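Student: Could you take me through one part of this structure slowly, looking at a charged side chain and the partners around it?

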Amino acid sequence: MPRICFVIMPFSTTASCSEEEWTWILENVFKSAVEGAGLDYECRRSVATRGNIVAAVLQDLNDAYVILADLTDRNANVFYELGVRHALRNRSILLAQKAEDIPFDLQAYAYHVY
């Protein structure tokens, strides 16, 4: 059974990416890298549904083996979910399209610019 790599990233349009571009990044950058590495990981992000999406996200944050958090454009939801993950577990990987999107207090953690 594969381990879960849960991706925290914006869904809707931000300053640098449209909704379609975020989906493209998920599918063609993150998912292809994680699942193509041959380490038996399944890469996914939350699915927008009716009802209490927060409960589902909290469950995913707790259950995932590792988290990829894309901090590009400093999306508030991404920071909220990353904070929850930090409170629950370790194994979070920070990413951004530019280093300026990594806040000062998170620069002590390893991060990757893509």
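Predicted model: local features only at pLDDT ≥ 70, side-chain atom pairs only at ≥ 80, totals over all residues.

Tutor: Asp-60 forms a salt bridge with Arg-44, and the closest N and O atoms of the two are 3.9 Å apart. Since Asp-60 lies in helix H2 while Arg-44 lies in strand E2 (residues 41-44), the pair ties together parts that are 16 residues apart in sequence. Arg-44 itself is partly exposed, with a relative accessible area of 33%, and its side chain also meets that of Glu-42 in a salt bridge of 3.5 Å, N to O. Glu-42 is likewise partly exposed, at a relative accessible area of 31%. Taken together, Glu-42, Arg-44 and Asp-60 are linked in a network of salt bridges. As a general point, side chains of opposite charge can pair when their charged atoms come close.

The structure holds four salt bridges, and another of them joins the side chains of Asp-101 and Lys-98 at 3.1 Å, N to O. Here Asp-101 counts as buried, with 7% relative accessibility, whereas Lys-98 is partly exposed, with a relative accessible area of 34%.

Returning to helix H2, we also find Val-54 there, a residue that counts as partly exposed at 40% relative accessibility. Val-54, Leu-58 and Tyr-80 make a nonpolar surface patch of about 260 Å². Helix H2 (53-63) is also one of the elements that supply at least two residues each to the lining of the largest pocket.

Conventions. Residues numbered from 1 in each chain as written. Heavy atoms only, no water. Helix = DSSP H or I, 4+ residues; strand = E, 2+ residues; numbered from the N terminus. Patch = residues over 30% accessible without salt bridge, like charges linked within 9 Å, V, L, I, M, F, W, Y side chains within 5 Å. Areas by Shrake-Rupley, 256 points an atom, 1.4 Å probe, with all protein chains shown as cover. Buried < 20%, exposed > 50% of the residue type's maximum accessible area, 1.4 Å probe, protein only.
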